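Take a look at the structure first, then read on.

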Amino acid sequence: MTVEPGSRVRLTTAQALVRFLAAQFVERDGMEHAFFGGCFGIFGHGNVAGVGQALHQHPELLTYYQGRNEQSMVHAAVGYARARNRLGTLAVTTSIGPGATNMVTGAALATINRLPVLLLPGDVFATHPADPVLQQLEQPGRGDISVNDAFAPVSRYFDRVWRPEQLIPAALAALRVLTSPAETGAVTLALPQDVQAEAFDWPEEFLARRVWHVPRAAPDAGALARAVAAIRAAKRPLIVAGGGVIYSDATDALAHLSATLGIPVTETQAGRGSLPHGQPLLAGAVGATGTLAANRLAREADLVIGIGTRWSDFTTASNSAFPKAAFVSINVAEFDSAKRGVAVTADARQAIEALSAALEGWSTAGAYREEAERLVREWDAEADRLFSLGHGPLPAQSEVIGAVNAAAGASSTLICAAGSMPGDLAKLWRNHDARSYHVEYGYSCMGYEIAGGLGTKLAAPDRDVYVLVGDGSYLMLAQEIVTAVQEGVKLTIVLVDNRGYASIGGLSRSVGSHGFGTQYRYRTEGSLGLDPDTASPAYLPVDLAANAESLGATVLRPNGIAELRAALEEAKGVPGTVVIRIETDRYQGVPGYETWWDVPVAEVSDVTEVQAARTAYEAAKAEQHFPL
Ligand SMILES: Cc1ncc(C[n+]2csc(CCOP(=O)(O)OP(=O)(O)O)c2C)c(N)n1
Ligand SMILES: [Mg+2]
């Protein structure tokens, strides 16, 4: 569509914004897509007559999704963006005040995970005609701020649109950041409620179709040469594949590099699925929740090549995982590539292909490759053992994971975020492809799971979405089940009920604090902190299956693994969202494999278990080293 230069159209700010969003496209590798798949929203006085009116007036521009909670609407947008490899997302509109600040947690989650979401909180009047309006927080010393300033530190771009015409630079800056592989994250445009409804004569060029070209940055020649020299000098190089490998669609290039050079691959949480299970050199998750194969390789590695990772403490086992290694850091964001070793600031696929070309003919020694392949085989046997423990009377979580993994087909995506499951999944889940695995572990936010699964399914309707959620996460934020039912979207939600926070219970015991505050039991005198197997008050009568049923899901209640397998098959025939509630043994966890996580233990205490834990902590702390 060609636009007459200088022509203008009179619209409200909100109407112009909705038209602008519907006209934004992204292109990478010659493929073009609409960037926004729709807009989630909950209306209040801060957006009902603004963005709400605009969405209502032209529903063909942006699909509107009604959410239940502002935080979980952002989770859905994050799930959507991840399933689209950051080449698409959803917008989220809210009222002012609590509706707006409910999104702050979601904004932090998106920014930490480097996933694009566009947040459109309503804001108080720009013109201040009747302050304080309902839900306005007043600051006696500042007239120009509102609660929405809380978004600034958790957003990659923040602006408040004080005047209609200011939307033009603000919206363009928002799209630049959202579509930038190096900068992306939450983008917040706070929209004062009067400005949303105010009319302006908008230049047609602003509202015309616009394509944002997502670049693939090639590595600098000098940086590449330094990385190549480091690899050539290495005897035991090891790759750590992060989320950047998946976002850059570099999985085939990585498989080729690993196989031809004989370099084993380990994965971060976001990088899981960067190679399919069964590749002989895929050692799986590394670090605090790593496999024995990955952690043994890490311990002896002389060079660790990070690709698209931000080197979180779980990956590095709090900087104890790679005691002998030098580093190469490949990342599209200079901020991350500069974190350790030889920095290569580049798109993951470009960098991997450049390394493959430069290292043609070179490979690691056969003995190293064989050792890695043997460790991988041994790990597979260990995972098989954990999948079939036959534990009773309640099954172990690892058996549940095995059953769900077996039931989920090749075109499925697993969603999880917090609790004891992410660590177990990191070790055990077997991926078919790069879309098989989606554990939000940047923020590890309880309550992400169901809403994130909803967003994933909206982005990829052809995939079967399996959500694994703990009882604690479920209790925190499960209400998007209602939205899944409303949208006719099928999620298979496996609710793993161990009546409390098993993960933190274990962590608490490991620091000497007896699982304090981690079970759902009546407050009976003296009950807090007691060993539940001795002097335990009764469990609270919480029935999460009944809760899920009340929200509109089909609910199945298997007892034990054989019934779970049958329920998973039965669920395949149910057209809508299914919740499968299974009780597990909270004490039968998957162990750690020769690794550590830095959680400080009290230096002084009356409790003998704490004193013992502190002694062990100090010994482990001595192994920690800053990467230099
Ligand atoms: C929003 C939020 N609050 C607190 C935490 C800290 N935390 C991590 S796991 C966890 C307990 C999770 O319980 P549940 O979902 O039942 O999983 P389980 O540990 O039993 O496997 C808590 C409180 C968190 N990750 N997110
Ligand atoms: Mg639990």
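## A covered helix and some cavities

In this predicted model, the cover over the buried residues of α9 includes β15 (303–307), β16 (326–331), β17 (342–345) and α15 (348–358). Which residues of α9 are buried? They are Ala223, Leu224, Ala227, Val228 and Ile231. Viewed along the axis of α9, these buried residues fall within an arc of 135°, so they line one face of the helix. On the face of α9 turned away from the buried side sit the exposed residues Ala221 and Ala233. The helix itself, residues 221–233, has 13 residues and reaches 18 Å from its first C-alpha to its last, close to the 18 Å expected at 1.5 Å a residue.

Searching the whole structure turns up seven cavities of 30 Å³ or more. The table describes two of them.

| Cavity | Volume | Lining by class |
|---|---|---|
| Largest | about 60 Å³ | four nonpolar, three polar, three charged residues |

Around the largest cavity you will find Arg82, Ala83, Thr413, Ala434, Arg435, Tyr437, His438, Thr456, Ala460 and Arg463. The elements that give two or more residues to this lining are α3 (70–83) and β19 (437–439).

What lines the second largest cavity? Its lining is made up of Asp497, Arg499, Tyr520, Leu540, Val542 and Leu544.

Methods. Residues are numbered from 1 along each chain as its sequence is written. Chains are lettered from A and ligands numbered from 1 in the order in which they are written. This is a predicted model: local features need pLDDT of at least 70, side-chain atom pairs count only at pLDDT 80 or more; totals for chains, interfaces and linings use all residues. Side-chain values use heavy atoms; hydrogens and water are left out. On a 1 Å grid over the protein atoms alone, a cavity is a set of points where a 1.4 Å probe fits but cannot get out, and a pocket is an open set with protein on both sides within 12 Å along at least five of seven lines; lining residues have an atom within 4 Å of a point. Grid points are joined across faces, edges and corners, and a volume is the space filled by probe spheres set on the points. Helices (H or I, at least four residues) and strands (E, at least two) are DSSP runs, numbered from the N terminus. Ala, Val, Leu, Ile, Met, Phe, Trp, Tyr, Cys and Pro count as nonpolar, Asp, Glu, Lys and Arg as charged, and the others, Gly among them, as polar. The expected span of a helix is 1.5 Å times one less than its number of residues. Buried means under 20% relative accessible area, exposed over 50%, partly exposed in between (1.4 Å probe, protein chains only). The arc is that of the directions from the helix axis to the C-beta atoms. Contact means heavy atoms within 4.5 Å.
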